[in-house]
Amino acid sequence: MAVGYLVTVVLAALIAVFCLIRIRRPKPLFYFSYRLALVFNEMPFLAIYALVASTALAFAEGDIATAADRLVVALAAVSAAGLVVVARRGIRAASVVRLALDEALGAGTGTRRRPPLARILLRPFFRRRGDVRRLSNLSYGEAGRRNLLDVYHHRSRPVGGPVLIHFHGGHYDQGRKSTQSLPLLYRLASKGWVCISANYRLRPAFSHPDHLIDAKKVIAWARQHANEYGADPTTEVFVSGSSAGGHMAALAALTPNDPSYQPGFEEADTSVTAAIALNGYLGTYFDGDPATSPVNLVRADAPPFLIAHGNLDELVDSENPKALVTALRSVSTSPVVYAELPGGHHAFDLFHSFRFEALIDGIEDFAAWVRSRKRAV
């Protein structure tokens with residue numbers, strides 16, 4: 001048997017296992033499984049393609065001749081079946097997201113759409129769109145490269161679009177603006193939105209409330225400058241974030257115009273129209289201060305929230321975002337959409353996949369509902 005075929009099959013088997021279950025210990029195995037699942041849980045087809053191609057090549061070259069060889073082929077078949085289960089879980093996200101929207105916002109809010117199969121199956125890594133222009137490294141503060149943002153807008157610059165601001169994740173000590181939720185930013189920008197993705201100051205040099213102050217600065221910057229790119233920032237500013245960025249987005253949404261988080265720009269409007277948290281950690285900050293937990297900041301006038309979380313998230317148990325959902329629904333007069341994505345691991349928002357494309361559809365439906373209600377007021 002060819003060693004290359006054996007290695008391919010064993011690696012595919014590990015990928016299937018790591019995608020199907022959540023592994024947290026021991027740490028070396030966690031780091032290895034986390035990185036493999038990061039890619040292949042959203043794109044299991046890549047592993048299936050490799051299995052099919054390598055198996056066909058092994059048969060064509062006469063490498064399958066012994067009982068041991070046939071056992072490896074059987075392992076390849078089992079691995080492929082496991083990867084199909086992974087893919088089916090991703091496909092199921094569409095119905096889960098629609099149900100979550102219908103339950104929170106009313107029947108018929110979630111719409112059925114055809115997934116972009118070419119992007120998902122053939123071009124999952126290519127996030128750019130020809131009709132969207134990205135302007136990089138615009139300054140919004142005094143902290144150098146950590147206070148830079150990117151703007152995504154339609155090349156035609158349609159007038160009066162809404163704004164989406166996104167904050168990256170990374171445990172508050174790493175990450176950058178050009179890596180996460182790009183399929184979302186490019187999709188909305190192609191529909192006339194002005195999307196902003198921002199860096200912010202990181203640990204250990206900075207801590208709370210420095211991150212939140214930066215988030216407020218970005219919102220203030222958007223309200224002052226987004227009209228230059230085709231938006232109407234006086235009316236609709238949505239804020240979103242991934243992982244730690246979801247924590248920032250939630251804190252920003254629940255502390256509108258709070259002068260203690262706006263030193264030197266106290267008069268700026270930092271309220272937001274709605275908040276979106278993707279695989280977010282939504283508890284207390286590292287120092288354990290209760291005031292840093294969005295759960296303890298819920299208010300009757302909180303904006304609408306959409307919270308999406310994977311039920312196999314290795315880093316944040318789903319009970320964490322559910323606590324904020326429960327707290328908001330008990331106090332806020334605005335709706336809260338919670339979608340728990342079957343088979344979803346952490347950081348599901350990096351590539352074009354069935355899961356993330358379905359969630360982007362849901363975000364569009366959520367935003368359309370929020371905007372229609374805001375215009376009706």
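Reader: What conventions apply to the numbering and to the predicted model?

Author: Residues are numbered from 1 along each chain as its sequence is written, and side-chain values use heavy atoms, with hydrogens and water left out. Because the model is predicted, local features need pLDDT of at least 70 and side-chain atom pairs count only at pLDDT 80 or more, while totals for chains, interfaces and linings use all residues.

Reader: What is the strand order of the open sheet?

Author: Helices (H or I, at least four residues) and strands (E, at least two) are DSSP runs, numbered from the N terminus. Two strands pair if DSSP finds at least two bridges between them. Here eight strands form an open sheet in the order 1-2-4-3-5-6-7-8, and the pairing is mixed. Strand 1 (132-139) and strand 8 (336-341) are the edge strands, each pairing on one side only. From one strand to the next, the twist averages 15°.

Reader: In which sense do strand 3 and strand 5 pair, and over how many bridges?

Author: Strand 3 (residues 163-167) pairs with strand 5 (residues 237-242) in the parallel sense, over five bridges. Val-163 stands opposite Val-237 in strand 5. Strand 5 and strand 6 also pair in the parallel sense over five bridges, and Gly-241 has Ala-277 of strand 6 as its bridge partner.

Reader: What is the hand of the crossover from strand 5 to strand 6?

Author: A crossover is right-handed if, with the strands pointing away from the viewer, the path from the first strand over the helix to the second runs clockwise. The chain passes from strand 5 through helix 8 (residues 244-254) to strand 6, and this β-α-β crossover is right-handed. On to the next pair: strand 6 and strand 7 pair in the parallel sense over four bridges, with Ala-308 in strand 7 as the bridge partner of Leu-278.

Reader: How many residues of strand 6 are buried?

Author: Buried means under 20% relative accessible area, exposed over 50%, and partly exposed in between (1.4 Å probe, protein chains only). Five of the five residues of strand 6 are buried, so this strand is largely enclosed by the rest of the structure. Ala-274, Ile-276 and Leu-278 point one way from strand 6, Ala-275 and Ala-277 point the other way, and all are buried.

Reader: At what angle do helix 1 and helix 2 cross?

Author: Angles under 35 degrees count as roughly parallel, over 145 as roughly antiparallel, 65 to 115 as roughly perpendicular and the rest as oblique. The axes of helix 1 (residues 3-20) and helix 2 (residues 27-40) come within 9 Å and cross at roughly 90°. The two helices, helix 1 and helix 2, are therefore roughly perpendicular to each other. Residues making the contact include Leu-11 and Phe-18 of helix 1 and Phe-32 and Phe-40 of helix 2.

Reader: Which value of phi does Asn-279 have, and is the residue buried or exposed?

Author: Phi of Asn-279 is near 40°, a positive value in a residue other than glycine. Asn-279 is in the loop between strand 6 and strand 7 and is buried, with a relative accessible area of 1%. Ala-347, in the loop between strand 8 and helix 10, has phi near 60°, also positive in a residue other than glycine. Ala-347 is buried, with a relative accessible area of 13%.

Key:
Axes fitted to C-alpha atoms, helices over the stretch in contact; angles between N-to-C directions. Contact = heavy atoms within 4.5 Å.
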